[in-house]
Amino acid sequence: MAKKRSKIEIHGLEARYYDLLLAVATLGRYGRMMERAIRHMNIQPDEWIADFGCGPGTNASRMARYLGCSGKVVGFDIGKEMLDQARKKQEHDPHLQFEYQPIDEPLPAKWHRRFDRVLISFVLHGFEQPTRLKILQNAWMAIRNGGTLSIVDWNEFNLANQPLIFRWMFTHIECELASEFISYNWKQLLREMGWQNCTERTFFGGTVRLLQAQKTASR
Ligand SMILES: C[S@@+](CC[C@H](N)C(=O)[O-])C[C@H]1O[C@@H](n2cnc3c(N)ncnc32)[C@H](O)[C@@H]1O
């Protein structure tokens with residue numbers, strides 16, 4: 001059977017135990033890295049944040065800790081098992097809302113310019129390049145002027161220069177599309193799309209990056 005290029009749609013047991021599997025596979029480091037990345041986002045108490053491909057809503061919950069009464073995180077996903085878990089978190093936290101919404105299709109007008117920030121965490125690499133650009137365009141539509149795009153994903157790096165164990169894990173566990181994702185100059189692509197003031201922060205020895213950019217008034 002041909003190997004699937006993308007592993008970004010997650011179903012069944014893998015989806016139901018997503019957080020646990022990730023914690024075991026990374027020895028708990030993924031959660032700690034996301035906590036640090038979210039701290040660096042400098043979330044303001046009144047922000048409205050969209051979480052594109054929110055999974056079980058764990059990062060949405062992490063971001064919600066920084067919000068006051070008027071702040072909100074709206075998570076978008078298409079995975080039933082993921083949304084079921086996320087909606088359980090919503091029952092206990094009024095800052096959270098989760099919606100079935102494909103992020104690679106145009107968002108309903110009610111979400112246009114509604115958010116101060118869009119987070120896309122470990123989602124973008126799993127799509128073909130034209131779809132990644134469509135998702136970034138949807139993020140542009142969702143963010144108000146002056147708002148921030150926060151991407152947490154693989155950084156650009158040369159796989160050949162990485163330790164053997166990392167190379168093995170990256171090529172066997174990650175999807176084919178991730179190997180292609182790391183070859184793009186994302187800061188330049190974002191600038192070409194009109195995003196400005198790009199900043200970055202790296203984690204895991206430079207292999208993972210929080211890349212942020214702003215939507216300014218004109219494009
Ligand atoms: C690797 S998980 C990342 C989850 C979470 N953002 C994180 O950082 O842990 C990818 C998520 O993207 C979702 N996804 C895949 N294709 C999607 C699409 N077209 N629209 C919305 N979500 C999608 C999957 O259901 C899954 O929850």
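I count a residue as buried if 20 or more other C-beta atoms lie within 10 Å of its own, as exposed if 12 or fewer do, and as partly exposed in between. The model I am working from is predicted.

**Entry: Lys89**

I looked up Lys89 against that cut-off. I find 19 other C-beta atoms within 10 Å of Lys89, so I log Lys89 as partly exposed. Lys89 sits in helix 5, which runs over residues 80-92.

Which residues does Lys89 contact once its neighbours within four places in sequence are left aside? I get Gly57, Ser61 and Leu96.

**Entry: the chain**

I list nine helices and seven strands for the chain. The radius of gyration is 17 Å, close to the 17 Å that the globule rule gives for 219 residues, so I note the chain as being as compact as a globular protein of that length. Along the principal axes, I have the C-alpha atoms filling a box of roughly 45 × 40 × 30 Å.

I looked up burial for the chain too: buried residues are 34% of the 219. Of the contacts with a separation of 6 or more, I find that 70% join residues 24 or more positions apart.

**Entry: the ligand**

How many residues surround the ligand? I have 18, and the closest are Gly53, Gly55, Gly79, Ile103 and Ser121. I sorted the shell around the ligand by residue type and got ten nonpolar, five polar and three charged.

Technical notes. Residues numbered from 1 in each chain as written. Predicted model: local features only at pLDDT ≥ 70, side-chain atom pairs only at ≥ 80, totals over all residues. Helix = DSSP H or I, 4+ residues; strand = E, 2+ residues; numbered from the N terminus. Rg over C-alpha atoms; globule rule 2.2 N^0.38 Å. Contact = placed C-beta atoms within 7 Å. Near = placed C-beta within 6 Å. Nonpolar A, V, L, I, M, F, W, Y, C, P; charged D, E, K, R; others polar.
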